Amino acid sequence: MHFLTTAKQTALTCAALCLGLMLCGAIIADAEWKGALKYPCVFWVSALRLLAMPAIAMGLFLLLGVDGAIIRTVVFYFAMPVASFLPTFCLRYNPDDVDGRLAGGYMVVVSTLFCIATVPLWAVILDYLFNL
């Protein structure tokens with residue numbers, strides 16, 4: 001019986017992941033690229049999410065003497081792009097704010113595209129620090 005519960009949870013996890021990736025892809029495909037330039041906060045949030053947060057986490061954990069495997073896991077978690085459900089939250093909780101919805105969508109798009117460069121960068125930095 002435990003196996004069935006675990007199998008159902010695994011299936012739901014895979015479905016949620018696939019739906020999130022599909023939503024992210026739909027947002028990227030439908031993006032009007034010049035529109036992102038109207039929202040400077042998009043680039044600040046992306047830089048904070050992809051560069052500053054992993055660096056702060058890594059520095060703090062190094063100071064605390066946390067094991068390297070845990071540091072790598074946390075840094076990679078923080079180096080991931082903005083969650084793809086952000087535009088959905090913007091739409092659900094403030095449907096009249098068009099700028100908020102657009103900025104949320106652009107945050108997903110821009111951080112996902114920048115993540116293509118920053119995740120390998122963090123991999124190199126972590127490889128250098130922990131001699132994998």
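Q: Two rings of Phe, Tyr or Trp count as a pair if their centres lie within 6.5 Å. By this rule, what does the count of aromatic pairs come to?
A: Welcome! This is a predicted model, and the count comes to two aromatic pairs.

Q: Why is the pair of Phe-43 and Phe-114 called tilted?
A: The ring centres of Phe-43 and Phe-114 are 6.3 Å apart, which is within the 6.5 Å limit for a pair. Their planes stand at 40°. Planes under 30 degrees apart would count as stacked and planes over 60 as edge-to-face, so this pair is tilted.

Q: Which parts of the chain does the pair of Phe-43 and Phe-114 tie together?
A: Phe-43 lies in helix α2, which covers residues 40–64, and Phe-114 lies in helix α5, which covers residues 98–130. The pair therefore ties together parts that are 71 residues apart in sequence.

Q: What makes Phe-43 and Phe-114 partly exposed?
A: Partly exposed is the class between under 20% (buried) and over 50% (exposed). Phe-43 has 30% relative accessibility, so Phe-43 belongs there. Phe-114 has 42%, so Phe-114 counts as partly exposed too.

Q: What makes the pair of Tyr-77 and Phe-78 edge-to-face?
A: The two rings are 5.8 Å apart, centre to centre, with 70° between the planes. The cut-off for edge-to-face is over 60 degrees, so the angle of 70° puts Tyr-77 and Phe-78 in that class.

Q: Tyr-77 or Phe-78: which counts as exposed, and which as partly exposed?
A: Tyr-77 has 57% relative accessibility, and exposed means over 50%, so Tyr-77 counts as exposed. Phe-78 has a relative accessible area of 23%, which falls between 20% and 50%, so Phe-78 is partly exposed.

Q: How do you know that Arg-49 lies over the face of Tyr-77?
A: Arg-49 is 5.9 Å from the ring centre of Tyr-77. The rule asks for a distance within 6 Å, and also for a position within 35 degrees of the ring normal. Arg-49 is listed as lying over the face of this ring.

Q: How many disulfides does a search of the whole structure find?
A: The search finds zero disulfides. A disulfide would need a pair of cysteine sulfur atoms within 2.5 Å.

Q: Buried or partly exposed: how do Cys-41 and Cys-115 count?
A: Cys-41 has a relative accessible area of 35%, between the 20% and 50% cut-offs, so Cys-41 is partly exposed. Cys-115 has 13%, which is under 20%, so Cys-115 is buried.

Q: Where is Cys-41, and what separates its C-alpha atom from that of Ala-103?
A: Cys-41 has its place in helix α2, while Ala-103 is found in helix α5. The two residues are 62 apart along the chain, and their C-alpha atoms are separated by 7.8 Å.

Q: Why is Ala-103 called buried?
A: Ala-103 has 7% relative accessibility.

Q: Which residues form the nonpolar patch on the surface?
A: The patch is formed by Leu-37, Phe-43, Leu-113, Phe-114 and Ile-116. Together they have about 490 Å² of accessible area. Helix α5 gives the largest share of the patch, with three residues.

Q: What makes Leu-48 and Leu-129 partly exposed?
A: Leu-48 has 46% relative accessibility and Leu-129 has 40%. Both values fall between 20% and 50%, so both residues count as partly exposed.

Q: Where do Leu-48 and Leu-129 lie?
A: Leu-48 lies in helix α2, and its C-alpha atom is separated by 9.6 Å from that of Ala-79, which is 31 residues apart along the chain. Leu-129 has its place in helix α5. The C-alpha atoms of Leu-129 and Gly-68, 61 residues apart along the chain, are separated by 8.9 Å.

Q: How many helices and strands are there in the protein?
A: There are five helices and zero strands. From the N terminus on, the elements therefore read α-α-α-α-α.

Q: What part of the protein counts as buried?
A: Of its 132 residues, 28% count as buried.

Note on methods:
Residues are numbered from 1 along each chain as its sequence is written. This is a predicted model: local features need pLDDT of at least 70, side-chain atom pairs count only at pLDDT 80 or more; totals for chains, interfaces and linings use all residues. Side-chain values use heavy atoms; hydrogens and water are left out. Buried means under 20% relative accessible area, exposed over 50%, partly exposed in between (1.4 Å probe, protein chains only). Rings of Phe, Tyr and Trp (its six-membered ring) pair if their centres lie within 6.5 Å; planes under 30 degrees apart count as stacked, over 60 as edge-to-face and the rest as tilted. Helices (H or I, at least four residues) and strands (E, at least two) are DSSP runs, numbered from the N terminus. Patches are made of residues with over 30% relative accessible area and no salt bridge: like charges are joined within 9 Å, nonpolar side chains (Val, Leu, Ile, Met, Phe, Trp, Tyr) within 5 Å. Accessible areas come from the Shrake-Rupley method with a 1.4 Å probe; for residues, only the protein chains shown count as cover. A salt bridge is a side-chain nitrogen of Lys or Arg within 4 Å of a carboxyl oxygen of Asp or Glu.
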